Amino acid sequence: MGGMLGGGGSTISTSESRLGALRVQQSSYGLALPIIYGRPRVTGNLLWYGDFNAIAHTTRTESGGGGKGGGGGVTQESTTYTYEAAIIIGLAEGRITGIPTVWRSKEVFTGADALAKVGLALASGDAGQAPWGHLQTYHPTEAIGYSQTAYVYGANYGLTSNAEVYNHTFEVDAQLQFGGGIVDANPRDVVADFLTNPRYGAGFPSAKLADLSQYSTYCIASGLFISPAFSEQRQAQEHLQDLMTLSNSALLWSEGRLKIIPYGDESITGNGYTYTPNLTPVYDLTDDDFLVSSDGEEPVRIERASSADAFNRVQVEFLNRANQYNIEIAEAADQANIEQFGLRPKDPLKLHAICDATVARNVAQLVLQRSLYIRNEYEFRLGWRYALLEPMDLVTLTDSGLGLNRTPVRITEIEEDEDGGLTVKAEDFPQGASSTTQYPSQGTGGFSHDYNADPGNVCGPVVFEPPFDSSGNALQVRIAVTGDNTLWGGCQVHASLDGNTYKQVDTVTAGARYGVLTAPLSSTATGPLSVQLTGNGGQMLSGTELDAQQMTTACWVGGEYVGYTDATLTGANRYDLAGLVRGGYGSTPAAHAIGTPFARLDATVAESGPLDLSMRGKTIWFKFCSFNVFGSGTQQVADVPAYTYTVQGTALTLGLPVVQNLVDVLRDGRTVLRWADVSDVRLIDYEVRKGPAWQTAQVLGRTPTTEFVTDGDGSYWVSARSELAYSMLPTGITISGGALVANVVATFDEEAGGWPGACAGGAAEIGTDIALSGVGLFSAIPLLSTASSIFYFGGIAQTGSYTIPAGHEVDVGTAQACSCSVSYRMRADSPYALFSALPSVAAQASLAGDYAGRADAKVQIAIAPDSGVYGAWRDFVPGSYVGRKFKFRVNLTSLDPSVTAVLDKFAFTVDVPDRSEKGTAVDCPNTGLSVVYSRPFQVVPNVQITILGALQGDDIVVSNQTETGFTVQILAAGAGVARTINWIAQSY
């Protein structure tokens, strides 16, 4: 809304550097896109970039704009840039079903429209998907469909202020999810797809994969769901081993197929499934079943793992979905074992496929139990008749030499030797060690800022119009606004002139201090001013007496500006302000009731920008888009309520600055007033009065310049003037011994002559004055006895004029420069003597009779050249005019339907500078010399004759003196004689 004030001043332009380069987080050729399952968080890879565009944003601020109607100010232009480009970011191999969350730098966007909030859209990665339409239209040679590749794209993607692509990560819903509210995947489905997928799988034949239903049931019942994102290049067996660790199962090759057998050794029911392990030993092996080696060793050998490998604390590193997928540690420890044998921690297991804290804790507990309670390894040899045994089978061992009596063990490995014997390895099988209790536990309490936290809407703002002294010399609207949410960090201020199209005009980074009065305040009180601050409030600090006088602690209170010295906290966000300085910036001290709006004027108050003066009476719509304390989570314009304000132009009625440096100087024999120009966009001209006091002084005239010719000794007053206001205080000066204007051609006092001129429009001679009269007809008065005023029947006319009579027109004979001055006195008054006589009480300007600024008078002059034909009327400015004839009129204007303009004095003066003609060494014959002036004078001039070489008895006789010439003859003893003379004639 800035830049509407106009003016012919200078322009200061600033512009930030326009960027043309691109820096991105990652765009790697040959980098594999991840294979994902469940709901992981992934980082995209920039696949395509183009159509970089730098958009210039120029704001203009008008300042300065001193006298002569506001021109000559300084326009400050500031240009900033935003950047956008078209991009494609690859996400994953294969098809995905959605993106619930987007992280952009520190901001978080959630919901079905998370992508739309950052200006992106999704291509799901279907087989044979069509190329992006933007590429087909603008870059057809680069239009690739990226079949079976999921990606996001944006044609007008907003870059950072450094022209960078934001750092993005995405929460992605893969096609393989368990369902039923569980967004993770069944490990069985992950293993099967990872091994056998024809596009990105490990190339494992699906026919070689055994039935995995028991494995699936175990994982579901145990709640061991995962969301892996395979993004690192590793051997397939390494990925599979991680999957077996987190699912508490083992891989084995048997009967020409790959099998997966859970270690789980107890029945488990969960998620609608029940897992029942097979705990029946396949064989009860005794000494009769073991093959004795030729070296005489024991048939069963036992090896116990070192105590150092019996870890009593296990940590699992996982990505916690509940904490924005930040890395967390799930820990399981056996405190009794730690106290007995000391701490033996296992290196942390990096299992980022786990995204649920409960799953991570269960996995850690299972690994801990296997480490502590399964330490013995058995080795024995069996004959070929036991060839049907396979790893993960249970058998019992009986060996009297070792004290084994049907001890259950789990086979882990079988190897056939050259003799056809089977070397079998087994591990302890303490039932229950491979199962864990499902018990609740407290979360890690990890903390992560929600940089996109909802800041909440702003509190109801206070909108007001600041004085020109504090608004950069421009009409402006200011808004005090804050929030009541602890995460509220500020807001963007958007404005509209139609309620539909909004433009950002300011940014608030701290809440303003504003609220309402909690106690009434009289018009003369100097305290206390009791206030309750709104929302988050703020601290009101005390100031000095000088601060209050200079409005450093200025506050706006219901239209009045108040400075204060002392601020005392009286309650939560409640203050008493004392040491008040009332009526700041030319405002009028007034009484204020409880609930009157209050605002502290400081840098936290938002600004609309400079407004054109034509905005008075028009409505502005404001919207406030809050952001949080991290500078993120900014609300959308469409999502916040609008607040309206009608521009009053109240700042225009406040006093103008006081005229400074008023002095008198002598110039060309005249005393002239001079003063410093007032810098205020409202300034129209300066009014000069003469008299002992400003209120009763006679108006000498108005001038847009900073000087005025005086008309003699006396007290003079000068005030800046706008359409609606004068200076807050007039500036006075007293002159004695001043030089008077000479050569007055004519002076007329219209009031003293009984107003002999003509009234036109709504003006009429009423009593001894000229005033605006009524607009109704006398014949229209229904009953004279009931008319409130005959002169003003029908309401007061808005305009009228008084023109001097033809006999008062000044004719100086020939066109020449003439000095013109005017003095007049006008007042604004209500003609209705009684309150009951008011035609409209609601329209009354002031019940107190203060009508200042409600009426106006303007003097105009018309000038005729030597032809004697007058030109058009123009506003009169004291000074010099070139012409032969001059006439004057006064235009009266009423700005209020119940106030009339009254002209009770009007006088004018026209004077011309001296002019002289002369003759040097002119021969004058004895019969005399007739002299004709080269140009007639207006008044018969004074003539001086000097005889060159005069003799005793010579006498000079001048006759026939007129404005056009004279006759001269030299007599000696009464007879004409010839002589040589000099002559000079002086007049105007």
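Helices (H or I, at least four residues) and strands (E, at least two) are DSSP runs, numbered from the N terminus. The model is predicted: local features need pLDDT of at least 70, side-chain atom pairs count only at pLDDT 80 or more, and totals for chains, interfaces and linings use all residues. Residues are numbered from 1 along each chain as its sequence is written, and side-chain values use heavy atoms, with hydrogens and water left out.

**Exercise 1. The whole chain**

State how many helices and strands the protein chain has, and what share of its residues is buried.

Solution.
- Step 1: The protein chain has eight helices and 63 strands.
- Step 2: Buried means under 20% relative accessible area, exposed over 50%, partly exposed in between (1.4 Å probe, protein chains only).
- Step 3: Of the 988 residues in the protein chain, 47% are buried.

**Exercise 2. Helices H3 and H5**

Determine how helix H3 and helix H5 are oriented, and which residues make their contact.

Solution.
- Step 1: Axes are lines fitted to C-alpha atoms, for helices over the stretch in contact, and angles run from 0 to 180 degrees between N-to-C directions.
- Step 2: The axes of H3 (residues 187-196) and H5 (residues 236-246) cross at roughly 175° and come within 11 Å.
- Step 3: H3 is therefore roughly antiparallel to H5 (angles over 145 degrees count as roughly antiparallel).
- Step 4: On the H3 side, the contact (heavy atoms within 4.5 Å) is made by Val 190, Val 191, Phe 194 and Leu 195. On the H5 side, Ala 236, His 239, Leu 240, Leu 243 and Met 244 take part.
- Step 5: These residues divide into eight nonpolar (Ala, Val, Leu, Ile, Met, Phe, Trp, Tyr, Cys and Pro), one polar and no charged. Asp, Glu, Lys and Arg count as charged, and the others, Gly among them, as polar.
- Step 6: The buried residues of H5 are His 239, Leu 240, Leu 243, Met 244 and Leu 246. Their cover includes H3, helix H4 (213-222) and helix H7 (357-373).

**Exercise 3. Tyr 575**

Is Tyr 575 buried or exposed, and which backbone atom does its side chain reach?

Solution.
- Step 1: Tyr 575 lies in strand E34 (residues 574-578).
- Step 2: Its relative accessibility is 8%, so Tyr 575 counts as buried.
- Step 3: Leaving aside neighbours within four places in sequence, Tyr 575 is in contact with residues including Leu 529, Gly 538 and Met 540.
- Step 4: The side chain of Tyr 575 reaches the backbone nitrogen of Met 540 at 3.4 Å.

Note on methods: Parallel < 35°, antiparallel > 145°, perpendicular 65-115°, else oblique. Polar contact = N/O pair within 3.5 Å; in protein donor to acceptor, adjacent residues only side chain to side chain.
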